[in-house]
Amino acid sequence: MLILDSSQTTTVLPFDRLVDAIDAMFVNGCTVPLRHSHSIEGAAADLPGTLLLMPAWQKGGRLGIKTVSVFPSNTGRSLPGLHSTFILLDAKTGVPLSMLDGDAITSRRTAAASALAARFLSRPESTDLLVVGAGRVGSLIPDAYAAVRPIKTVAVWDIDTGRADALVTNLNTRGFSAERVRDLERAVANADIVSCATLSTQPLIHGAWLRPGTHLDLIGGFTPAMRESDDVCFAGTSVFVDTDEALMKAGDLLSPMQSGVFDRASVRATLTQLCRGEHRGRQAHDEITVFKAVGTALEDLAAASLAYDAYVGP
C-alpha cells in the first residue's frame, strides 16, 4: 500500500489539476453517505475526543474513507487538536491502495472547490481578491483562485495580525501584490472576490459592504453556531451551495432562513448542477453571487485519486 505523507500529498495536488479533478467528480457523481460521528471517552476527564468517518465511492472505481480525530485536550499537551488520514481502496475488490495525509487532502480540496465555484460565479476579469482568515485553508486561497482567475492583488485580513503579516510576506515573494488590511469594510468594497475561511461565530462580512458584481465565498463555517456573514448578504443576492447539506448545518444559511430573509427555494444551484451545466452560474455583470460550502467527501475522493494516480498511474 502506497503511503504518502503531507509533503508528498501536497506535491501532487497542484490547483489547476485539482480543480479539474473535482469538477469531473461532481459531473460523474459518487455515493456519499452521511458522515459518522463517535464520542471517544477517556481522552480527558471533561473533554472527550470525537472520531469522524467520511466515506465515498464510485461503483467499479475507487472507495475512500477519511478519518478525522478531534481531541480538544491536546492543546494542553502541545499537540494539534485535529488529525486526519485518508485511506483509498479499490471499490471492485476492497484492496487498500494508499494511505494519504488527510490534512493536506482536506485543506487543498477545500480551496480548490472554492475556486471551482468561482469559475462559474465570479466575473472572468476579477483581479482583486480579499482573503478573510490567514489559516491553513485561507493561505491556499490565492493560489487556488489564480488557477481560475487572473488574480493580481491580494488583501489579507485576520484577527491575528501576525499571521496575516506572515501570509502577506509569503504571497509577495511568490509574485502576488499583497497587503494586510485593517479596515475590513473598505477592503470588502474594493474586492472583486471575497473569500472567508475562518472559524468565526459572529458575522464578519456585512451585506451592505458588498458592491455590485462581487463574488462572496463562505467556506469556513460548518456548524449552526458559526457565522462569517450577516443576514443581509442573502437578501437579493444569488445564492449557491456546494451540496444540500449546507442548508441543514451552516449557520450562515440557517440564520437568514429563520429570519425570513432567505429560503431554501431561493438557492440558485448546487455545485453539482453548475458542473453539469444545469445552471449557467453568474448571469449579469453587476450580480452579487454568494457561495456557501460545508465540504463533501466527494472532493476528498477526487483529491486522493488524483494524488494516487500521479504516483502509480490511473
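This is a predicted model: local features need pLDDT of at least 70, side-chain atom pairs count only at pLDDT 80 or more; totals for chains, interfaces and linings use all residues.
Modeller: Let's start with a term: a strand is a DSSP run of E with at least two residues, and strands are numbered from the N terminus.

Colleague: Thanks! Is Ser195 buried or exposed?

Modeller: The general idea is a cut-off: under 20% relative accessible area counts as buried. Ser195 has a relative accessible area of 1%, so the residue is buried.

Colleague: Which side chain makes a polar contact with the side chain of Ser195?

Modeller: That is Asp217, at 2.6 Å. Leaving aside neighbours within four places in sequence, Ser195 also touches other residues, including Ser114, Leu129, Val131, Ile141 and Tyr145.

Colleague: Now to sheets. In what order do the strands of the six-stranded sheet stand?

Modeller: First the general idea: strands of a sheet pair through backbone hydrogen bonds, either parallel or antiparallel. In this model six strands make an open sheet, ordered S1-S6-S5-S4-S3-S2, with mixed pairing. Strand S1 (2–4) and strand S2 (36–40) stand at the edges with a single partner strand each, so one side of each has no neighbour in the sheet. On average, neighbouring strands of this sheet are turned by 15° against each other, direction ignored.

Colleague: In which sense do S1 and S6 pair?

Modeller: S1 pairs with strand S6 (residues 96–101) in the parallel sense, over three bridges. Within that pair, Leu4 has Leu100 of S6 as its bridge partner.

Colleague: How many bridges join S2 to S3?

Modeller: Five, and those two strands run antiparallel.

Colleague: At what angle do H3 and helix H10 pack?

Modeller: H3 and H10 (residues 297–312) pack at about 110°, with their axes 9 Å apart. Angles of 65 to 115 degrees count as roughly perpendicular, so that is the word for H3 and H10. From H3 the contact uses Ile105, Thr106, Arg109 and Ala113, and from H10 it uses Glu299, Asp300, Ala303 and Ala304. Sorted by class, the contact has four nonpolar, one polar and three charged residues.

Colleague: One more residue, please. Where is Arg282 found?

Modeller: Arg282 lies in the loop between helix H9 (271–275) and strand S14 (289–292). With a relative accessible area of 10%, Arg282 is under the 20% cut-off and therefore buried.

Colleague: Which backbone oxygen does the side chain of Arg282 reach at 3.0 Å?

Modeller: The one of Ala284. The backbone oxygen of Leu121 also lies 2.7 Å from a polar atom of the Arg282 side chain. Leaving aside neighbours within four places in sequence, the contacts of Arg282 include Phe120, Ser122, His215 and Glu287.

Colleague: And how far apart in space are Arg282 and Leu89?

Modeller: They are 37 Å apart, C-alpha to C-alpha, and 193 residues apart in sequence.

Key: Residues are numbered from 1 along each chain as its sequence is written. Side-chain values use heavy atoms; hydrogens and water are left out. Helices (H or I, at least four residues) and strands (E, at least two) are DSSP runs, numbered from the N terminus. Buried means under 20% relative accessible area, exposed over 50%, partly exposed in between (1.4 Å probe, protein chains only). Contact means heavy atoms within 4.5 Å. A polar contact is a pair of N or O atoms within 3.5 Å; within protein, one must be able to donate a hydrogen and the other to accept it, and residues adjacent in sequence count only if both atoms are side-chain atoms. Two strands pair if DSSP finds at least two bridges between them. Axes are lines fitted to C-alpha atoms, for helices over the stretch in contact, and angles run from 0 to 180 degrees between N-to-C directions. Angles under 35 degrees count as roughly parallel, over 145 as roughly antiparallel, 65 to 115 as roughly perpendicular and the rest as oblique. Ala, Val, Leu, Ile, Met, Phe, Trp, Tyr, Cys and Pro count as nonpolar, Asp, Glu, Lys and Arg as charged, and the others, Gly among them, as polar.
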